[in-house]
Amino acid sequence: MLWSPPAMKNRQRGGSTATIPTMSPSSSAKARILVKDDNDVVIVAAVRSALTKSRKGGFKDTRPEEILSGVLRAAYTGANLDPALIEEIAVGNVLPPGGGATAARMAALHSGIPHTTPLNTVNRQCSSGLAAVNQVANQIAVGQISIGIGAGVESMTFGWGSGSLPDGWSEDVLTNKEAEDCLIPMGITSENVAAEFGISRERQDEFAAQSFQKAVAAQKAGKFKDEIVPLRVKITDPKTEKVVEIVVDADDGIRDGVTSASLAKLKPSFKKDGSTHAGNASQVSDGAAAVVLARRSAAKRLGLPILGKYVAASVVGVPPRIMGVGPAYAIPKVLERVGLSKDDVDFFEINEAFASQAIYSIEKIGIPFGKVNVNGGAIAFGHPLGCTGARQIATGLSIARQRNERVFVTSMCIGSGMGMAAVFVSEH
């Protein structure tokens, strides 16, 4: 049985019920969001670190607070912003050291932001970086603040693994099937999506190979340079145990020469007869990203560079057992909210948690594959959980400049069964 989200099913339209919001042509809505207003929430900086392989890559010996500090400093200095004017920082972080916001607060202070600027961490799993940006954007929109930073960070080197799991769960809560389904390993949810919606191993491998190929081409062409902040860190050589200083300025998970044929040789990772494996799932990675937001009137008054604007965001819930379908319902919801059709969007950044769920979401909405992840995605360069939502914005603004395009959408599925999506406009 195919699933339809209750939130969509209950929405009445002229006496009828719609499973997914209808997205009719809406050129007037696109024109409307391109209009500049002094109350707009604008982006004055959006940068990220390189994304590096967990336990093997350039940040394997670098703590998350150090990566985040470097990115925060680059974000506000790049906008020529006095850090004393930053009124709020929200940091997406799924695996925080000690389970709190201390490391993120330390990063902000180390970056040169004064202690008068408050900070909180946000954990909505894989959308945490976008949730942080959304929080700050809403605070600006309602007049609580004028300038803030939405950021994200994850060191899966230091945070990922059995040590991050609790020692048990309530037996009473586990009697609820959907509650129990929240504990299904992410790889098995990918297998569920592939089986339920007929996404073959061959199609997943082809999608994954194209992600690598696009990322390789983009990296060789220097298309990531504008969004990446080079960070100088110390690393221990595993053979000599000598500590040396290096500059991490490129995603080190991108591999040249990947084809669907080479991926076909890999064994399934989660089920003996499954289709999900290390080559068609997102890489386990380390990295950080930061987005500086302001009310347009404040940005103009201070002479800050305006790169683009935040338009809207939406979050939906989906069944935990097929959590990867989240973007298929979050994207239509946010587009309906602002009156856009999918054809009004110039390109999409959809997180590639797994090839299975990315393919399903793209086809369910009816997006041409050529408009999705044009410089590759998380399968090719990684998915540091708390970072990705903010990273996609930096990547999106960079792509918009390169292609001279305006409207883009970012989206991702969320562990335990959710999806999030947001609309942005580039003002390059």
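Figure 1. Where pLDDT is low, the predicted coordinates should not be read in detail. For the protein as a whole, the average pLDDT is 93, and 93% of the residues score at least 70.

**Figure 2. Helix α5, seen along residues 128-141.** Count along this helix and you will find 14 residues. From the first C-alpha to the last, α5 reaches 20 Å, close to the 20 Å expected at 1.5 Å a residue. Is the helix mostly covered or mostly open? It is mostly covered, as 11 of the 14 residues of α5 are buried. Among them are Ser128, Ala131, Ala132, Asn134, Val136, Ala137, Gln139 and Ile140. Just after α5 comes Gly143, which takes a positive phi of about 90°.

**Figure 3. Where α5 packs against helix α15.** Two packed helices are described by the angle between their axes and the distance between the axes. Here the partner is α15, residues 388-403, and the two helices pack at an angle of about 75° with their axes 4 Å apart. An angle of 65 to 115 degrees counts as roughly perpendicular, so α5 and α15 are roughly perpendicular to each other. Which residues meet in this view? From α5 come Gly129, Leu130 and Val133, and from α15 come Gly389, Ala390 and Ile393. The residues of this contact divide into 4 nonpolar, 2 polar and no charged. Gly129, Leu130 and Val133 are also on the list of buried residues of α5.

**Figure 4. Arg124, in the loop that leads from β6 to α5.** Strand β6 covers residues 119-122, and Arg124 is found in the loop between β6 and α5. Arg124 has a relative accessible area of 31%, so this residue is partly exposed. Leaving aside neighbours within four places in sequence, Arg124 is in contact with Ala131, Val315, Ile414 and Met418. Ala131 is one of the buried residues of α5. For a sense of scale, Arg124 and Glu227 are 103 residues apart in sequence and 24 Å apart in space, C-alpha to C-alpha.

**Figure 5. Ser275, in the loop between α10 and β10.** Find α10 at residues 260-263 and β10 at residues 285-295, and look for Ser275 in the loop between them. Is Ser275 buried or exposed? Its relative accessibility is 9%, so Ser275 counts as buried. Beyond neighbours within four places in sequence, Ser275 is in contact with Glu191, Ala194, Arg201, Gln204 and Asn280.

Key. Residues numbered from 1 in each chain as written. Predicted model: local features only at pLDDT ≥ 70, side-chain atom pairs only at ≥ 80, totals over all residues. Heavy atoms only, no water. Buried < 20%, exposed > 50% of the residue type's maximum accessible area, 1.4 Å probe, protein only. Contact = heavy atoms within 4.5 Å. Expected span 1.5 Å × (residues − 1). Axes fitted to C-alpha atoms, helices over the stretch in contact; angles between N-to-C directions. Parallel < 35°, antiparallel > 145°, perpendicular 65-115°, else oblique. Nonpolar A, V, L, I, M, F, W, Y, C, P; charged D, E, K, R; others polar. pLDDT = per-residue confidence, 0-100.
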